[in-house]
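Subject: A structure for you to explore

Hi there,

Here is the structure I promised to send over. Have a look around it first, and then read on for what turned up.

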Amino acid sequence: MPDAVKVGFVPLSSAPRGSLVVFCDDGLKFGAATDRALGATANIVKRAAETNQFKGKNGATLDILAPQGLKISRLIVVGAGKLSTLKDNDFLKLGGVVAGKLRPGNNAVTVIAELSTGAMKPDQAAAVASGIRLRAYKFDRYKTKKKDGEDAALRADVSLAVGDVAAARKAFAPGAHIVDGVITARDLVNEPPNVLFPVEFARRASQLRKLGVEVEILDVKAMMKLGMGALLGVAQGSTQPGRTVIMRWNGGKRGGQPVAFIGKGVCFDTGGISIKPAASMEDMKGDMGGAACVVGLMHALAARKAKVNAVGAIGLVENMPDGNAQRPGDIVTSMSGQTIEIINTDAEGRLVLADVLWYVAKKFKPKFMVDLATLTGAIMVALGTEYAGMFSNNDQLAGRLTEVGLATGERVWRMPLGPEYDKQIDSQFADMKNTGSRNGGSITAAQFLQRFVDDTPWAHLDIAGTAMGAPKTEINQSWGSGYGVRLLERLVAEYYEAKK
Ligand code: MN
Ligand code: ZN
């Protein structure tokens, strides 16, 4: 789906057209170019600010229609707040605030990318551009008509007026690919489950070949041959066959040890024979948010030609109740050889991940593995929807994820692991069982996964609270948030990419 909102760059001195967006600080001060563009209209702004008690607080806006003295239809003043406290991520949010003000009919928009201290730096202007596109995203491909009062499609051509057009374009080039990756992930999460089943998901992932990604699709026969009995046990209850997709981006040193990302891709989770209650079951179309993130991340890395070798691996299944579905009490043998007693068929994500983690650990011997999974409701009980839960066997990796989480706003909170929790998943019949008690449910899930990573440095992100249905933010109004793409892209860029 082409973006309805396009963003480009023009020189700071360009004459504004259509709607004009300008930034002020918490003293209501503008930059010099903005002052010139406003001219005598600055007085109207001042009066409007007083009437509306607008003080330039970060994220606050002032909207003036048909401002006298200017050849524009609308003037939007966006508060940037106290400039000394602004971080990179705040520019992304400012872009989101700008896009949040755009209305159908605002076809041409000029944004003066300037603060009272001067033109924004190229990377700051690029972040504003990214924020505009992230906020403007809307998943409406299945709406054939608009209800009364519902917004007509937003179409806008946004020009960011910047000090150095070439530098801003250069800074935005990787950012635009990262936004594309986030949008790819959001689209996948938002798609309905009758459209996006494992085979179709695999087909969409294979489109990454256009970007130079090697994509290998393991069908049921191939997975049987590998002995992926844990994943296949989940898949067997559905008429839609399961798939595992391996994506490889080789942008680093030839043959160099890769980094690896693994995603849970349960395209729909009914719970299986341990069926879920009906209320909100439709949300379980998003139980592939981890896999969606991995595809979006691989898109971002490949499109911006990251200097890294990266493996993305996703386990795709549908968890259905059926005459052929697995039962509580079944014992399955995972690819690792370890046996698992199924207690609750709704604890299926860890079964899928068990085989994919093991496969990646053995086949690629990566520097590290990060898996993402909408794994447990318990993580929402613990952390709400603001942080993803992080579990790791490696302090350095955990520390880096925490850092990039704070920088990107896709935050993670480290949770404990420990052998004491293992008792909960001891089984009287098999090597382990697939659920523990209600207490510490997200921790015992992580303990379970840890048994399939061997000694590989590993982090597990439980994104049940952040991947879908999280509260709307400045840069996301979509149900599927695309959480994790920006986080892991930054992790690679900061720590694992060969520097130019
Ligand atoms: Mn489940
Ligand atoms: Zn699930």
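This is a predicted model: local features need pLDDT of at least 70, side-chain atom pairs count only at pLDDT 80 or more; totals for chains, interfaces and linings use all residues.

The metal sites

Distant parts of the chain are linked by the pair Asp269 and Asp346, which are 77 residues apart. Asp269 sits in strand β11 (residues 259-269), while Asp346 belongs to the loop between β14 (339-341) and α10 (349-364). Asp269 is buried, with a relative accessible area of 2%, whereas Asp346 is partly exposed at 23%.

The zinc ion (ligand 2) has Lys264 (NZ), Asp269 (OD), Asp287 (OD) and Glu348 (OE) as its protein donors, 2.0 to 2.5 Å away. Along the sequence these donor residues follow the spacing K-x4-D-x17-D-x60-E. The angles among the 4 donor atoms run from 84 to 176°, and the site is irregular. Lys264 is buried, like Asp269.

What do the two sites share? The manganese ion (ligand 1) and the zinc ion (ligand 2) lie 2.9 Å apart, and Asp269 coordinates both.

The overall build

Stepping back, you will find 14 helices and 19 strands in the protein. The radius of gyration is 24 Å, close to the 23 Å given by the globule rule for 500 residues, so the protein is as compact as a globular protein of that length. Its C-alpha trace spans about 80 × 50 × 40 Å along the principal axes. Of the 500 residues, 56% count as buried. Among contacts with a separation of 6 or more, 79% are between residues 24 or more positions apart. The accessible surface comes to about 20,900 Å², and carbon and sulfur atoms account for 51% of that.

A helix on the inside

Take a look at helix α3 (residues 88-101) too. Of its 14 residues, 12 are buried, so the helix is largely enclosed by the rest of the structure. The buried residues include Phe91, Leu92, Leu94, Val97 and Val98, as well as Asp90 and Lys101.

The cysteines

How many disulfides does the structure hold? The count is 0. A disulfide, as a reminder, is a covalent bond between the sulfur atoms of two cysteines.

Leu417 is partly exposed, with a relative accessible area of 24%. Leaving out residues up to four places away in sequence, Leu417 touches Phe391, Ser392, Asn393, Ala446, Gln447, Gln450 and Trp458. Between Leu417 and Phe261 there are 20 Å in space, C-alpha to C-alpha, and the two are 156 residues apart in sequence.

Enjoy exploring, and write back with any questions!

Best wishes

Notes
Residues are numbered from 1 along each chain as its sequence is written. Chains are lettered from A and ligands numbered from 1 in the order in which they are written. Side-chain values use heavy atoms; hydrogens and water are left out. Donors are N, O and S atoms within 2.8 Å of the metal (3.2 Å for Na, K and Ca); water is not among the atoms, so sites may look incomplete. Four donors count as tetrahedral if all angles lie between 85 and 135 degrees; four count as square planar and six as octahedral if opposite donors are over 155 degrees apart and all others between 65 and 115; anything else is irregular. Buried means under 20% relative accessible area, exposed over 50%, partly exposed in between (1.4 Å probe, protein chains only). Helices (H or I, at least four residues) and strands (E, at least two) are DSSP runs, numbered from the N terminus. The radius of gyration is taken over C-alpha atoms; the globule rule is 2.2 Å times the number of residues to the power 0.38. Contact means heavy atoms within 4.5 Å. Accessible areas come from the Shrake-Rupley method with a 1.4 Å probe; for residues, only the protein chains shown count as cover. A disulfide is a pair of cysteine sulfur atoms within 2.5 Å.
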